[in-house]
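Dear colleague,

I am passing on the structure below, and my notes on what was found in it follow.

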Protein chains: 2
Amino acid sequence: MSRTGRRPGGPDTRDRILQVARTRFASRGYDAISLRSIATEAEVDPALVIHYFGSKEGLFVAAAGLPDSLPELFAQLGQLPREEFVQALVLGYLHLGDSDASRNPVIALVRSAVSNERAATMLREFLTAELLPVIARFTRQPDARLRSALIIAHLMGIAMLRHVLRVEPIAKATPDEIARLAVPVIEQYLREG
Amino acid sequence: MSRTGRRPGGPDTRDRILQVARTRFASRGYDAISLRSIATEAEVDPALVIHYFGSKEGLFVAAAGLPDSLPELFAQLGQLPREEFVQALVLGYLHLGDSDASRNPVIALVRSAVSNERAATMLREFLTAELLPVIARFTRQPDARLRSALIIAHLMGIAMLRHVLRVEPIAKATPDEIARLAVPVIEQYLREG
């Protein structure tokens with residue numbers, strides 16, 4: 001151990017950071033926990049946490065078992081021209097859910113949230129802090145946040161019927177078949193006037 | 001006990017029928033179980049089951065703890081003129097979910113379905129047999145069932161964000177505030193051409 005009491009990097013260190021993050025996010029939620037406080041508890045430099053995970057968002061995504069590509073996907077979505085945004089959001093989301101049906105990360109999160117109040121808090125705060133603002137920027141309506149939450153609701157409901165309840169024909173439809181119907185409908189939420 | 005081995009009616013009989021129904025629906029699903037087979041197992045005349053619950057749908061609704069008014073609500077929805085249907089569906093659903101937040105029947109069903117494969121089967125078959133066809137009759141599109149399933153997905157997602165994750169501003173919005181945005185969007189799914 002170094003003079004400052006901080007441990008050097010390495011696979012064990014990365015795992016230790018993740019373990020601390022899981023415990024802290026689950027006990028206090030996403031908002032209340034800073035990247036710095038997780039670094040302190042894991043006895044590492046905050047710069048090392050940034051090095052491994054990029055941001056608090058990236059750390060959450062890794063701790064929750066979501067794909068590493070998610071923060072980059074959110075960032076890319078935010079940069080899209082408005083007429084491409086919903087299509088990219090819906091297809092990105094459907095492919096995320098379909099990527100590995102046996103270990104579907106969206107469903108794993110929803111399952112924990114339904115059975116566990118702390119997991120629900122964690123997911124709520126993550127969606128509110130990281131996904132909702134990305135969507136809300138695509139409309140100038142005064143109720144942009146309610147519109148964005150309704151879009152998230154529709155996407156989450158699609159995953160519920162597709163992967164949890166497996167209601168046909170939504171369970172066997174391809175992402176393109178779903179997107180063809182859902183994209184123009186969801187776009188309505190972001191339309192002006 | 002009467003000569004036929006069938007027991008007379010009464011509160012105990014009603015409870016016994018419900019108990020048999022819960023066990024049978026949970027073990028074999030909604031489709032595979034007939035009202036008659038539940039009557040036989042509960043040792044009552046099928047007419048008594050009809051007397052208490054109206055139909056297999058009514059028996060399921062009572063066994064699942066859903067409001068008794070649900071079969072009537074579905075029947076009324078099916079009779080509405082098309083331009084009133086989605087508004088009535090969305091508001092009926094939101095008031096159902098809000099009627100008793102502490103013992104929300106929609107959420108109780110979703111919670112069981114997420115954690116229990118048999119409950120998922122039961123809810124899937126009930127939605128597919130009783131709600132999906134009511135919605136699908138309001139459009140002549142060839143993919144009417146996929147459109148209807150997407151509408152159910154949106155409604156279920158609203159309940160998830162509103163009551164399970166409690167994402168703001170959807171959790172505190174009134175049914176009217178949600179309906180004002182969601183009804184015209186959902187109506188798109190049923191539009192021709």
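How many residues of chain A are in contact with chain B, and how many of chain B with chain A? This is a predicted model, in which local features need pLDDT of at least 70 and side-chain atom pairs count only at pLDDT 80 or more, while totals for chains, interfaces and linings use all residues. Residues are numbered from 1 along each chain as its sequence is written, and chains are lettered from A and ligands numbered from 1 in the order in which they are written.

The answer is 39 residues of chain A and 39 residues of chain B, where contact means that C-beta atoms, placed from the backbone, lie within 7 Å. On the chain A side, two or more residues each come from α7 (105-115), α8 (117-136), α9 (144-164) and α10 (175-190), and α9(A) gives the most, with 15 residues. Helices here are DSSP runs of H or I with at least four residues, numbered from the N terminus.

As for symmetry, a rotation of 180° with 0.0 Å of shift along its axis superposes chain A on chain B, with an RMSD of 0.0 Å (least squares on the C-alpha atoms of residues with pLDDT of at least 70 in both). That is the relation of a two-fold axis, and the same surface serves both copies, since 100% of the contact residues of chain A recur in chain B.

Within chain A, L18(A), A21(A), R22(A) and F25(A) of α1(A) meet L59(A), F60(A), A62(A) and A63(A) of α4(A).

Best wishes

Definitions and conventions. Two residues are in contact if their C-beta atoms, placed from the backbone, lie within 7 Å.
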